[in-house]
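Subject: Structure handover and notes

Hello,

Here is the structure I said I would pass on. Please open it next to this message and read the notes against it.

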Amino acid sequence: MIKIENLSKIFVTEEVQTKALNGVSLTINSGEFVSIMGPSGCGKSTLLNIIGLLDSFNEGSYLINNQEMANITESKRATVRKENIGFIFQNFNLIDELSVYDNIELPMIYAKVSSSERKKRVQEIAEKLNIVHRLQHFPQQLSGGQQQRVAVARALVINPKIILADEPTGNLDSTNGNEVMELLTDLHAQGATILMVTHSSHDAAFSEKVITMKDGEILSTKVNQKDVNFFEKTEI
Ligand code: ADP
Ligand code: MG
């Protein structure tokens, strides 16, 4: 589904050039749950933002379903993003002035979904994530865990091909953090493709594969043992 080859990203500010990504290659198959770990500043968010089409890259190739993302126009990138990507941020990024209902509905307005379909989808998603009773509330009236559930609902409402989560439990206590991890695990069990950046090896253990980065490069990719079924995953 996602195939990245030799991707590089250089940030240029007035005084300095930072090579945030240096020849990164990775593949994410449909239905996989992958996490990315590594020290602060090693390029995790940059990689996720590029995969999420929030940012461009300087060199290399990035295919979504065999479609090349290098050198596409801003407006095309925005369209592909709205149709394919669900993004979950550490600080939730909900719009405080909008109700929970309106926050969840927003991506569908951008995607020009009809109003009757939007209403139906918000209800379905809210039921799935157990936030129906919160739909008329505002983000500040909710706990951090509930806000992140709303953010997950907002990410899911357009049926994205991939869910990207940048330290989704980073601002949550362990109880709320575990709730969000259970939610992601359930979604994965139902077939969702998830790529998550995390500092927590506890959270990474929920995923099937752990990519470790350092200084803008991928150091290693490990399959989590608990998910390895020798007979299914070994080609004979
Ligand atoms: P991580 O998420 O692993 O902590 P980032 O991807 O945020 O790391 O950052 C990687 C490197 O790129 C860091 O050196 C950071 O300072 C730099 N960087 C990230 N975003 C920008 C930006 N918008 N402008 C300039 N430098 C940036
Ligand atoms: Mg980061």
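Predicted model: local features only at pLDDT ≥ 70, side-chain atom pairs only at ≥ 80, totals over all residues.

Residues are numbered from 1 along each chain as its sequence is written, while chains are lettered from A and ligands numbered from 1 in the order in which they are written.

Sheets

Helices (H or I, at least four residues) and strands (E, at least two) are DSSP runs, numbered from the N terminus. Two strands count as paired if DSSP finds at least two bridges between them.

One open sheet has 6 strands with mixed pairing, in the order β6-β7-β8-β3-β9-β10. At its edges stand β6 (85-88) and β10, each with a single partner strand, so one side of each has no neighbour in the sheet. Direction ignored, neighbouring strands here are turned by 20 degrees against each other on average. Helix α1 packs on this sheet and touches β3 (33-37), β7 (162-166), β8 (194-197) and β9; the direction of α1 makes about 155 degrees with that of β8. Two terms are needed for that: residues are in contact if their C-beta atoms, placed from the backbone, lie within 7 Å, and axes are lines fitted to C-alpha atoms, for helices over the stretch in contact, with angles running from 0 to 180 degrees between N-to-C directions.

Strand β8 runs parallel to β3, with 4 bridges joining them, and F33 stands opposite I194. β8 also pairs with β7 in the parallel sense over 4 bridges; there I194 is the bridge partner of I163. From β8, I194 and M196 point one way and L195 and V197 the other, and all are buried (20 or more other C-beta atoms within 10 Å of the residue's own; exposed means 12 or fewer, partly exposed in between; C-beta atoms are placed from the backbone).

β9 (residues 209-214) and β10 (residues 217-223) run antiparallel, joined by 6 bridges, with T212 opposite S220. The two strands form a hairpin with 2 residues between them, and D215 in the turn has a positive phi of about 45 degrees.

The other open sheet to look at has 4 strands in the order β2-β1-β4-β5, with antiparallel pairing. Its edge strands are β2 (17-28) and β5 (67-68), each of which pairs on one side only. β1 (residues 2-12) and β2 pair over 8 bridges, and I10 has K19 in β2 as its bridge partner.

Core

The largest nonpolar core has 61 residues, and I104, A153, I163, L164, L184, I194 and L195 have the most contacts inside it. A nonpolar core is a set of buried Ala, Val, Leu, Ile, Met, Phe, Trp, Tyr and Cys residues joined through C-beta atoms within 7 Å. Helix α5 (residues 144-156) gives the most to this core, with 6 residues. Leaving aside residues up to four places away in sequence, L164 touches L48, I51, G52, I85, G86, F87 and L195.

In α3 (residues 100-110), the buried residues are V100, Y101, N103, I104, E105, P107 and M108. Their cover includes α2 (74-84), α4 (115-128) and α5. After α3 comes K112, with a positive phi near 60 degrees.

R134 lies in the loop between α4 and α5. Why does R134 count as buried? Because 21 other C-beta atoms lie within 10 Å. R134 touches V100, L142 and Q146, not counting residues up to four places away in sequence.

Ligand 1

Which residues are around ligand 1? They are F11, T13, T18, A20, G38, S40, G41, C42, G43, K44, S45 and T46; a residue qualifies if its C-beta atom, placed from the backbone, lies within 6 Å of the molecule. This shell divides into 3 nonpolar, 8 polar and 1 charged (Ala, Val, Leu, Ile, Met, Phe, Trp, Tyr, Cys and Pro count as nonpolar, Asp, Glu, Lys and Arg as charged, and the others, Gly among them, as polar). β2 and α1 (44-51) each supply at least two residues, and α1 has the largest share, 3 residues.

Regards
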